[in-house]
Amino acid sequence: MATEKKAENNNILSIDIGGTSIKTVLLDESGNMITEYLKSKTPPEATPKDIVTGIVELIKPFPDSYNRISIGFPGYVKNGIVKTAPNLAKNKWADVDLAQRVANELGKPVRLVNDADQQGLGVVDGKGFEIVFTVGTGFGTALLFDGELLPHLELAHFPINKEEDYDDYIGNKAFEKIGTERWNKRLRKVIEIYKTVFNYDTLYIGGGNSKQINFKLEDNIKIVTNRDGIKGGAKLWKLADKYNIFTVEPKNN
């Protein structure tokens with residue numbers, strides 16, 4: 001009985017916050033799903049309070065059988081602090097201690113990383129230099145070498161022309177504006193740039209608009225799903241505290 005309890009309490013609550021939806025699932029230490037995968041809509045112009053409330057509401061059906069929380073967030077995160085959130089409420093997210101707020105609310109330690117980083121941990125093979133794209137509300141990227149998560153770079157905000165960065169160029173607003181064919185041409189261009197600059201071994205493409213890809217991909221490019229990516233919440237807790245991996249403990253009010 002003690003062994004069962006210990007195994008149960010080593011579960012991880014994995015959360016993926018996106019500009020369109022918040023997803024969550026309970027995982028065991030190996031990344032296997034032990035509950036249904038749930039999601040709800042992210043409120044328009046979501047504030048920090050909206051996100052914390054949304055998480056609390058979404059996980060209500062889950063048993064309290066986890067002792068750690070992983071969160072993937074759509075922006076730049078450092079040591080549990082949100083620095084940017086380009087697809088959520090404007091001017092509300094600079095230096096927000098989101099990891100601490102969730103830890104305090106749920107009473108469990110939290111690790112908070114960029115959403116593409118968490119997805120990357122869930123989908124890569126762990127062989128050589130691997131890059132993850134997420135093409136959803138915005139454009140996310142993660143870099144991993146032999147399965148090791150490298151320091152996060154906000155590559156989405158490099159300019160691709162005089163007016164636009166990658167987020168503007170390939171994000172969902174662009175998709176809705178220019179349509180499937182032109183968006184696919186843009187994605188091909190982005191892939192060629194990354195292939196030239198990074199010479200990756202494998203590229204993974206996830207996010208909601210990955211379903212819109214209509215051209216043949218090279219053999220070392222793979223389409224992945226949010227369900228695959230959220231499993232990275234388990235791997236996140238296997239990593240040492242370094243780079244931007246930082247454990248935030250709950251504080252008693």
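## Basis

Helices (H or I, at least four residues) and strands (E, at least two) are DSSP runs, numbered from the N terminus. The model is predicted: local features need pLDDT of at least 70, side-chain atom pairs count only at pLDDT 80 or more, and totals for chains, interfaces and linings use all residues. Residues are numbered from 1 along each chain as its sequence is written, and side-chain values use heavy atoms, with hydrogens and water left out.

## Sheet

Six strands form an open sheet with mixed pairing, in the order S3-S2-S1-S4-S7-S13; two strands pair if DSSP finds at least two bridges between them. S3 and S13 (247–248) stand at the edges with a single partner strand each, so one side of each has no neighbour in the sheet. S2 and S3 are antiparallel and pair over 4 bridges. Lys-23 stands opposite Lys-39 in S3.

Helix H2 packs on the sheet and touches S1, S2 and S3, where contact means heavy atoms within 4.5 Å. The direction of H2 makes about 45° with that of S2. Axes are lines fitted to C-alpha atoms, for helices over the stretch in contact, and angles run from 0 to 180 degrees between N-to-C directions. Helix H3 also packs on the sheet, touching S1, S4 (68–73), S7 (110–114) and S13, and its direction makes about 145° with that of S7.

## Helix pair H2 and H3

The axes of H2 (residues 48–58) and H3 (residues 98–106) come within 11 Å and cross at roughly 35°. H2 contributes Pro-48, Val-52, Ile-55 and Val-56 to the contact, and H3 contributes Leu-98, Arg-101, Val-102, Glu-105 and Leu-106. These residues divide into 7 nonpolar, no polar and 2 charged. In this classification Ala, Val, Leu, Ile, Met, Phe, Trp, Tyr, Cys and Pro count as nonpolar, Asp, Glu, Lys and Arg as charged, and the others, Gly among them, as polar.

## Pockets

On a 1 Å grid over the protein atoms alone, a cavity is a set of points where a 1.4 Å probe fits but cannot get out, and a pocket is an open set with protein on both sides within 12 Å along at least five of seven lines; lining residues have an atom within 4 Å of a point. Grid points are joined across faces, edges and corners, and a volume is the space filled by probe spheres set on the points.

The largest pocket holds about 770 Å³. It has 43 lining residues, of which Lys-23, Gly-136, Thr-137, Gly-207 and Gly-208 are the closest to its centre. By class, the lining has 9 nonpolar, 25 polar and 9 charged residues. The second largest pocket has a volume of about 570 Å³. Of its 27 lining residues, Pro-86, Asn-87, Thr-137, Asn-172 and Lys-173 are the closest to the centre. H6 gives the most to this lining, 7 residues.

## Cavities

A search of the whole structure finds 2 cavities of 30 Å³ or more. The largest, about 40 Å³, is lined by Asp-16, Asp-115, Gln-118, Gln-119, Asn-226, Gly-229 and Ile-230. H4 supplies the largest share of that lining, 3 residues.

The second largest cavity holds about 30 Å³. Its lining consists of Asp-117, Thr-141, Ala-142, Leu-143, Leu-150, Pro-151, His-152 and Leu-153, with the largest share, 3 residues, coming from S9. This lining divides into 5 nonpolar, 2 polar and 1 charged.
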